[in-house]
Amino acid sequence: SASTQGTGATAGDVTLDGAARVSSDTFGAGAGGRVALSGGAIVIQGGATVTSVADAGTGAAGSVTVTSGSLSLSDASIASDTSSSGAAGSVAIVTGDLTLQGQNLGNTFISSDSLGAGDAGAVSVQARNLSADGGAVISSSSLPGASGRSGVLTLNTDSVTLRSGALIATATFVSNRAFAFT
C-alpha cells in the first residue's frame with residue numbers, strides 16, 4: 001500500500017508538449033495524490049497529460065485542479081479517471097478562456113470517467129469563454145464496460161461554442177443512473 005501527497009506546479013506561462021506528464025496515479029490500495037497546476041497562460045498539447053488515475057487495485061484517484069488566466073488543450077488531456085474499483089477523483093478547471101482543439105473524437109478531453117467498477121468523479125469548469133472543436137470532450141461518464149456510476153458535470157461560463165463533434169456530457173452505459181449536468 002502506498003500513498004502520495006500529490007504533485008503541484010505554479011508558474012507564469014506554462015507549456016506541456018509531447019510526452020510531458022504531470023501525474024499522481026495509483027496502481028494499488030493507496031490513493032492517488034492531488035494534482036494542482038496553476039499559471040498565467042497554460043498550453044497543453046501534442047499528447048501531454050495532467051492526470052491522477054486509478055489504474056488498478058482499490059485506491060481512489062486523486063483530484064486534479066488547473067487554475068489559469070487562459071487554458072488551451074490540443075491533442076492533450078486533463079483527467080482523473082478510474083479503470084479499477086477505486087473511485088475517480090474530481091477535476092476542477094478555473095480559467096478565463098478555455099479552448100479545446102481535437103483532431104479526432106476523444107483525443108482532446110477533460111474528464112473524470114469510469115472505465116471500471118469505481119464511480120466517476122465530479123467535473124467542474126468555470127471559464128469566461130469556452131470553445132471546443134474537432135471532437136474535443138468534457139465528460140463525467142460511466143463508459144461502455146464499466147459498472148461504476150457517472151458523476152456530476154458543472155459548467156459555469158458566459159459563452160460556449162461547440163463545433164465539429166465537440167461534446168459536453170455526463171452519461172452512463174449501464175443500469176446505474178447518470179448524475180446531473182448543470
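**Around D97**

Author: Strand 8 and strand 10 run parallel and are joined by 10 bridges. (Strands here are DSSP runs of E, at least two residues long, and helices are runs of H or I of at least four, all numbered from the N terminus; two strands count as paired if DSSP finds at least two bridges between them.) Keep in mind that this is a predicted model, where local features need a pLDDT of at least 70, side-chain atom pairs count only at pLDDT 80 or more, and totals for chains, interfaces and linings use all residues. Residues are numbered from 1 along each chain as its sequence is written, and side-chain values use heavy atoms, with hydrogens and water left out.

Now zoom in on D97. Across in strand 10, D97 stands opposite N129.

Buried or exposed, then, or something in between? R128 counts as partly exposed, at 44% relative accessibility, and D97 lands in that class too, at 30%. The cut-offs: under 20% relative accessible area is buried, over 50% is exposed, and partly exposed is what falls in between, using a 1.4 Å probe and protein chains only.

Stepping out a bit, how many salt bridges does the structure hold? Three. One of them joins the side chains of R149 and D119, at 3.6 Å from N to O. R149 belongs to the loop between strand 11 (137-139) and strand 12 (153-162), and D119 to the loop between strand 9 (109-111) and strand 10, so here the pair links parts 30 residues apart in sequence. Both ends are partly exposed, R149 with a relative accessible area of 30% and D119 with 28%. Another salt bridge brings together the side chains of R21 and D25, 3.0 Å from N to O. D25 is partly exposed as well, at 23%.

At 7% relative accessibility, S139 counts as buried. Its side chain makes a polar contact with the side chain of D113 at 2.9 Å. (That's a pair of N or O atoms within 3.5 Å; within protein, one must be able to donate a hydrogen and the other to accept it, and residues adjacent in sequence count only if both atoms are side-chain atoms.) Leaving out residues up to four places away in sequence, S139 touches I110, S111, S112, D113, V123, L153 and A169, where contact means heavy atoms within 4.5 Å.

Two loop residues have backbone angles worth a glance. D75, in the loop between strand 6 and strand 7 (77-79), has a positive phi near 50° without being a glycine. D75 is partly exposed, with a relative accessible area of 29%. S164 isn't a glycine either, and its phi is positive at about 50°; you'll find S164 in the loop between strand 12 and strand 13 (167-169). At 59% relative accessibility, S164 counts as exposed.

The protein chain has 13 strands and zero helices. Buried residues make up 45% of its 182 residues. Take the contacts between residues at least 6 apart in sequence, and 79% of them join residues at least 24 apart. On confidence, the chain averages a pLDDT of 89, and 89% of the residues score at least 70; pLDDT is the predictor's confidence in each residue, from 0 to 100. Over residues 1-6 the pLDDT is below 50, and this stretch has 13 contacts in the model beyond near neighbours in sequence.

Terms used. A salt bridge is a side-chain nitrogen of Lys or Arg within 4 Å of a carboxyl oxygen of Asp or Glu.
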